[in-house]
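Hi,

Here is the structure I promised to pass on. Have a look at it first, and then read my notes below.

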2 protein chains.
Amino acid sequence: MKVYRDIRLLRREIGRLKRKGKTVGFVPTMGFLHEGHLSLVRRARKDSDCVVVSIFVNPVQFGPNEDFKEYPRELKKDLALCKRCGVDMVFVPGVRSMYPEGFSTYLNVEGLTEGLCGAKRPRHFRGVTTVVAKLFNIVSPDIAYFGQKDAQQAIVIKRMVKDLALPVKIKVMPIVREKDDLAMSSRNTYLDRDSRKQAASLHKSLKAARELYKKGEKDSKKIISRMRNLILAEKDAEIDYIVIVDPETLMDVKKISGKTLVALAVRIGKTRLIDNVILN
Amino acid sequence: MKVYRDIRLLRREIGRLKRKGKTVGFVPTMGFLHEGHLSLVRRARKDSDCVVVSIFVNPVQFGPNEDFKEYPRELKKDLALCKRCGVDMVFVPGVRSMYPEGFSTYLNVEGLTEGLCGAKRPRHFRGVTTVVAKLFNIVSPDIAYFGQKDAQQAIVIKRMVKDLALPVKIKVMPIVREKDDLAMSSRNTYLDRDSRKQAASLHKSLKAARELYKKGEKDSKKIISRMRNLILAEKDAEIDYIVIVDPETLMDVKKISGKTLVALAVRIGKTRLIDNVILN
C-alpha cells in the first residue's frame with residue numbers, strides 16, 4: 001500500500017495503471033475510519049483492480065461554528081485499517097494542495113442542497129461537491145463509493161455526476177450500524193455514555209416509521225408525529241429535521257406510495273447526528 | 001471527420017483513442033467559426049494526435065435580455081471549415097443532453113468573474129465555466145485552446161483548471177484581427193457598415209494605450225482617459241468598461257509595471273464588442 005500526499009505523483013501512478021486497462025475504485029473519506037467506511041472499501045476491493053482511499057478533513061464543508069477543529073483524526077490507525085482491507089493507494093493531501101492560494105472555484109448543486117441538512121448548514125454541500133469533484137479529477141475513478149447514512153450527500157453527488165457528465169459510476173452502500181443500532185459515524189465519538197443512550201432514539205423512531213408504514217399508515221404527518229414524540233422523550237434531544245421525501249428530488253411526500261426516504265437530523269446535546277431509512 | 005451528437009458515443013471513441021496513447025486537443029466553440037477559431041484548431045492540429053471541436057451555443061451563459069436567439073448559427077459551413085482544417089471529431093450536442101431535466105449543478109469562479117464583463121453579465125461566467133467543465137469531462141482533452149480576445153474568460157478558465165486540478169492544459173492563443181484591425185468575433189456579423197467603422201475605435205484606443213505606455217506613460221488613469229476620448233468620438237459608442245488590470249487577478253493597476261492587461265467592452269448601438277491588449 002502506498003501513501004500519497006502529492007496530487008501529481010498520485011495522478012501519474014493512476015495514469016500508468018489506467019493505460020494498462022486497470023479499473024479504479026475510490027472511497028473518499030474524512031478519515032477516523034469505521035466499519036461504515038470499511039464496507040465501502042471492501043466493496044471497492046471486490047469491484048476494481050485498484051482501490052484508492054482519500055483521507056482529507058475538508059475545511060470548506062464545515063461552517064464557521066462547526067466542528068472542523070474538533071473533528072476526530074487518527075491517521076496511523078486509518079492507514080493500518082486500509083492496509084488490512086487491501087487498499088492499494090491512500091491519498092492524504094494537505095489543505096494547501098487542495099485549496100491553493102487564490103482558490104475560488106466552487107461547485108454547487110442548487111435546489112437539492114437547500115433543504116434537510118443544507119437548511120442549517122448553508123455552505124456544507126457546496127464544500128462537499130467541490131472537494132468530491134476535485135478528488136474525482138485527481139483520482140479518475142471508474143466507481144466511487146458513498147454511504148447511505150449521508151443520504152442527501154449521496155443524492156447531491158449523483159445529481160452532480162449526471163449533470164456534469166462526470167465519467168464515474170456512483171455506488172451507494174447500506175448504512176452500517178453499531179450493536180445498539182446507532183448508525184456508524186466518526187462523530188459518534190463525541191457521545192458520552194448518557195448521550196449515546198439517548199441517541200438510540202434516532203433509530204428507534206425510524207424503526208417505528210417503518211412499522212407504521214408496514215401496518216398501512218401512508219400519512220407522512222402521522223408518521224412524523226410519532227417519530228417526533230419518540231425522540232423528544234429524550235431529555236437532551238433537539239430535532240433539526242424529520243422529513244419524508246422523494247429519494248431523488250427530496251421533495252416532501254404527503255401520502256407515501258413507492259420508494260420514499262425517511263430522514264432525520266437530531267442534536268443530542270452538542271452532537272448532531274443523522275440517520276435515515278428507505279421505505280419500499 | 002466524424003460528427004457526434006451523443007455524449008456516450010463520443011466518449012467511447014475518445015476512450016478508445018486514449019487507451020492507444022493518443023493525445024487529444026480540444027477547441028470548444030459556439031460555432032459560426034471565423035479565423036480566430038481556426039487559429040486554435042490549427043494549433044491543436046499541430047499539438048495533438050486527435051483534434052476535437054465542439055459547437056454548442058450555450059444557453060446558460062446568456063442573460064435573459066441577451067442575444068441567445070439571435071446568435072448566428074451556420075453549422076454546415078462550420079463543419080466544412082473544420083474538415084478543411086483537419087479536425088477529427090466535431091461534437092454538436094443538443095441542449096437537452098447538455099442540460100438534462102432537473103439540471104442544477106453549476107461551477108462558479110468567485111471574485112474573478114465579478115468585474116469587467118461579469119459586472120454587466122452577472123451569470124455569464126457561471127454558464128461558461130459550467131459548460132466548459134462539462135465539455136472537458138466528456139472530451140477529456142490533454143490540451144484545450146481558448147482565444148485571448150475573451151481575456152477574462154481565459155483567466156477564469158485557467159483559475160478553474162488550477163483550483164479543481166482538472167487534468168488538462170490550457171493554451172491561450174493571440175487575437176486574430178480583420179483587415180481593419182477589428183478583433184474577430186462571431187458577433188461582428190451584427191455590425192452594419194457604419195457601426196463597423198465606429199467599431200474600429202476599440203482597437204484604435206488600445207493602440208493608443210500601447211503607444212502612450214511605450215512613450216513612458218505609466219499612469220493608468222491618463223491612459224484610460226485618452227482611450228475614453230477616442231471611443232466616445234464615435235456617435236453610437238457607449239463604454240461598458242475600460243480597465244487596466246493585473247492579467248491574473250484582474251485587480252486594478254494604478255501605475256503600470258510588469259505584464260498588464262488593458263481590456264475594454266464597448267457597445268456600438270446594440271452590439272457589444274470586447275477587445276484587449278497586453279502591455280509588456
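Predicted model: local features only at pLDDT ≥ 70, side-chain atom pairs only at ≥ 80, totals over all residues.

Residues are numbered from 1 along each chain as its sequence is written, and chains are lettered from A and ligands numbered from 1 in the order in which they are written.

Let's start where the chains meet. Chain A puts 27 residues into the contact and chain B also puts in 27 residues; two residues are in contact if their C-beta atoms, placed from the backbone, lie within 7 Å. On the side of chain A that touches chain B, at least two residues each come from helix 1 (7-19), strand 5 (105-109), helix 6 (124-139) and helix 7 (151-163) of chain A. Strand 5 of chain A gives the most, with five residues. (Helices are DSSP runs of H or I with at least four residues, strands are runs of E with at least two, and both are numbered from the N terminus.) By class, this side of chain A has 14 nonpolar, six polar and seven charged residues, where Ala, Val, Leu, Ile, Met, Phe, Trp, Tyr, Cys and Pro count as nonpolar, Asp, Glu, Lys and Arg as charged, and the others, Gly among them, as polar.

Strand 5 is worth a zoom. Strand 5 of chain A runs antiparallel to strand 5 (residues 105-109) of chain B, and five bridges join them; strands pair if DSSP finds at least two bridges between them. A:Asn108 sits opposite B:Tyr106, and A:Val109 is opposite B:Thr105. In a regular strand, side chains alternate between the two faces of the sheet. Here both faces of strand 5 of chain A are covered, with A:Thr105, A:Leu107 and A:Val109 buried on one side and A:Tyr106 and A:Asn108 buried on the other. (Buried is 20 or more other C-beta atoms within 10 Å of a residue's own, exposed is 12 or fewer, and partly exposed is in between, with C-beta atoms placed from the backbone.)

Now the domains. Chain A is assigned domain 1 (2-173) and domain 2 (186-275), with bounds from an automatic or database domain assignment. Their C-alpha centres lie 26 Å apart, and each domain of chain A brings 13 residues to the contact between them. On the domain 1 side, helix 5 (117-120) and helix 7 of chain A are the elements that give two or more residues.

Next, helix 9 (residues 220-232) of chain A. Its 13 residues at 1.5 Å a residue should span 18 Å, and the end C-alpha atoms are 18 Å apart, which agrees; the expected span is 1.5 Å times one less than the number of residues. A:Ser220, A:Ile223, A:Met227 and A:Ile231 are its buried residues.

Lastly, A:Ser201 is in helix 8 of chain A. A:Ser201 is buried, with 21 other C-beta atoms within 10 Å. Beyond its neighbours within four places in sequence, A:Ser201 contacts A:Leu230, A:Ile231, A:Ala233, A:Glu234 and A:Ala237.

Cheers
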